[in-house]
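Let's take a walk through this structure together, one part at a time. Keep the 3D view open as you read.

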Amino acid sequence: MPPRGGVGGAGYPGTVIIGIDTSLGTAVAAIARDGEVLADEQSANPLGHAEVIGDLLRRATAVVPAPTHVAIGMGPGPFTGLRVGIAAARVYALGRGVPVVPVPSHDAVALGVLLADALTGVDTPRFAVVTDARRREFAYSVYDGIDDDGLPVRITDAALSPRDDLDERLADLGAVRIETTRVSAAMIALAAARALDAGRTLADGEPLYLRSPDVVAAHAPKRVS
Amino acid sequence: MNAPLVLGIETSCDETGIGIVRGRQLLSNTIASSMDEHARYGGVVPEVAARAHLEALQPSIDAALAEAGVTLGDLDAVAVTSGPGLAGALMVGVGAAKGLAVALDKPLYAVNHLVGHIAADILDADAGELEYPTVALLVSGGHTSLLLVRDLTSDVEQLGETMDDAAGEAFDKVARLLKLPYPGGPEIDRAAATGDPTAIRFPRGLSRASDMASHRYDFSFSGLKTAVARWVEQHEAAGRPVPVADVAASFREAVVDVLVTKALDACARHGVPRLLLGGGVIANKRLRDVALERAGAAGVAVRIPPLRLCTDNGAMIAALAAELIASGRRPSTLAFGADSTLPVTEIQVAEDPDAEPPILRAESSPRAGAAS
Ligand SMILES: [Zn+2]
């Protein structure tokens, strides 16, 4: 892994990025631009996002009086919980008057995998980050290595697959399966920091729902007699 | 005490409401509605509503601040609807409110949506002081509640509520079976304009003598909806054209009759000569007319907030929080969630025993326009 520390930080003194992700559990972190983790708060509970987001955010931001960016995990993830984090992050950023940096949540997982492997000198094969998407489906994104900006190389954007079909799809893509039940907010923030350094955009500002609102179109009224 | 400047966030159903008040003074009542997106489904679809809230929040906050001529740094407190309402929709507002309160390091008040509807009345500068106790009838697409309000911030009792559909839902469903578009309220009204409200005697739910013991102040509209459906089917089966105007007028009369009868009964039985109306269905002119006429005959004074404040909005949420602050209540903790069935007796949620009530800045603060 190339030395990232200080590269962007030199140009941006005092840069502090808040990372927020509620695509699986609830996680809030604060990092310096060089990647130093200043705070890392999380609740592994897959529910209760609305209940915990405020306290986690307050604890994580207590140590950083002047955050400069808010990185948001945009999913994919169960919609109701995912929205809690995006809403809190957007309005927190509005309140602080700082910009948001949207990050695909799977990118953060992939970055964590690649950094961990780099630390132990393991060569990471092409892999898929796989998360539960409910309704007997998985969400997955395929990655292959890390690029010069220190960001995971995303081969396919997040998509849905029926649970029983996933292994076959991943075999076709030559990707090993890495299933996860948590997303690190510190990695969300680090991916954002690297994207900012490189002048890149990782995601547009919209949640990665991957599914249209599940609705039944208006049908003819049922007969009652 | 200086009147607190409060921003209220309301996302319990299909309106994203951002309101800003200074005490009892309304500074902005910004509403973004996703109603058009629900039209093709004939009713509010929770996931569609929740997505729309997330999209509308930020622009609505910006618009409300601009209209009120204040900045976020000027706010004394943030308020949000904790419930009742659609869980997924409520959670968007709760997340946003917590994000804002933490960003600004300002107190957060989590409040009851239904009591918010009552608080809307105090923003009506022309109406004079709200007198207690008062009976309140709240009618919308999401709720139909009859309340006894002894004090807005400390004592609201539920007398009754709908056992099935909300009145507004009944309008939507009957509109659909008459092949009228969504939302049903204004469509039924239009169709009923030329109809005879006495043409068909549709049932008045929970109004029999046998209902009076346990459901005197409760409502039921699903039987009425079924009765209308059956009447229409039988008419069609006989090969006769459905007299839509008469059906619409007779249905509307049944809804209005049962709402007004029960509300005035509550006034009489509790010796309260005051009735407050709230909720989006109050936009229905026939309901207002019948309520005013029959209340007048019964010696009951009726209060109706301006219609923009009757439909779901953030200003009423901010107004309720401002009243809570004025009465010395402490802010909520950050640990509350969305409660889709929050009882009306819980006017404020998760009041923090360790917090201090907000200290308001001295008169004529020169900080307007400056962010903290
Ligand atoms: Zn309402």
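This is a predicted model: local features need pLDDT of at least 70, side-chain atom pairs count only at pLDDT 80 or more; totals for chains, interfaces and linings use all residues.

Let's begin with chain A. Its open sheet has 5 strands, and if you read across them the order is β3-β2-β1-β4-β5, with mixed pairing. At the edges you'll find β3(A), residues 37-43, and β5(A), residues 100-103, each of which pairs on one side only. Neighbouring strands in this sheet are turned by 15° against each other on average, if you ignore direction. For a closer look at one pair, go to β4(A), residues 69-73: this strand runs parallel to β5(A), and 4 bridges join the two. Within that pair, A:Val70 sits opposite A:Val100 of β5(A). Now find helix α5(A), residues 185-198, which lies across β1, β2, β3, β4 and β5 of chain A. Its direction is at about 130° to that of β1(A).

Over to chain B, where the open sheet has 6 strands in the order β3-β2-β1-β4-β5-β11, again with mixed pairing. Here the edges belong to β3(B) and β11(B), residues 348-349; each has a single partner strand, so one side of each is left without a neighbour in the sheet. One of the facing pairs is B:Ile18 with B:Thr30 in β3(B). These two strands make a hairpin with 2 residues between them, and B:Gly23 in the turn has a positive phi of about 60°.

Further into the sheet, β1(B), residues 5-10, and β4(B), residues 77-83, pair in the parallel sense over 4 bridges. There, B:Val6 stands opposite B:Ala77 in β4(B). Helix α2(B), residues 46-68, lies across β1, β2 and β3 of chain B and runs at about 25° to β2(B). Helix α3(B) touches β1, β4 and β5 (108-112) of chain B, and its direction makes about 160° with that of β4(B).

So how much area do the two chains bury between them? The figure is about 3200 Å², with 65% of it on carbon and sulfur atoms. The contact draws 38 residues from chain A and 37 residues from chain B. On the chain B side, B:Arg51, B:Leu54 and B:Glu233 supply 20% of the area that chain B buries against chain A, more than any other three residues.

Which element gives the most? That is α3(B), with 4 residues. In total 29 residues line this pocket, with B:Ala101, B:Val102, B:Leu104, B:Asp105 and B:Lys106 nearest its centre. By class, the lining has 16 nonpolar, 8 polar and 5 charged residues.

Last stop: the largest cavity, with about 70 Å³ of space. Residues lining this cavity include A:Asp21, A:Thr26, A:Gln42 and A:Arg182. Two strands of chain A, β2 and β3, are the elements giving two or more residues to the lining. That lining comes to 4 nonpolar, 4 polar and 2 charged residues.

Key
Residues are numbered from 1 along each chain as its sequence is written. Chains are lettered from A and ligands numbered from 1 in the order in which they are written. Side-chain values use heavy atoms; hydrogens and water are left out. On a 1 Å grid over the protein atoms alone, a cavity is a set of points where a 1.4 Å probe fits but cannot get out, and a pocket is an open set with protein on both sides within 12 Å along at least five of seven lines; lining residues have an atom within 4 Å of a point. Ala, Val, Leu, Ile, Met, Phe, Trp, Tyr, Cys and Pro count as nonpolar, Asp, Glu, Lys and Arg as charged, and the others, Gly among them, as polar. Two strands pair if DSSP finds at least two bridges between them. Axes are lines fitted to C-alpha atoms, for helices over the stretch in contact, and angles run from 0 to 180 degrees between N-to-C directions. Contact means heavy atoms within 4.5 Å. Buried area is the accessible area (1.4 Å probe) that two parts lose on being put together, summed over both. Grid points are joined across faces, edges and corners, and a volume is the space filled by probe spheres set on the points.
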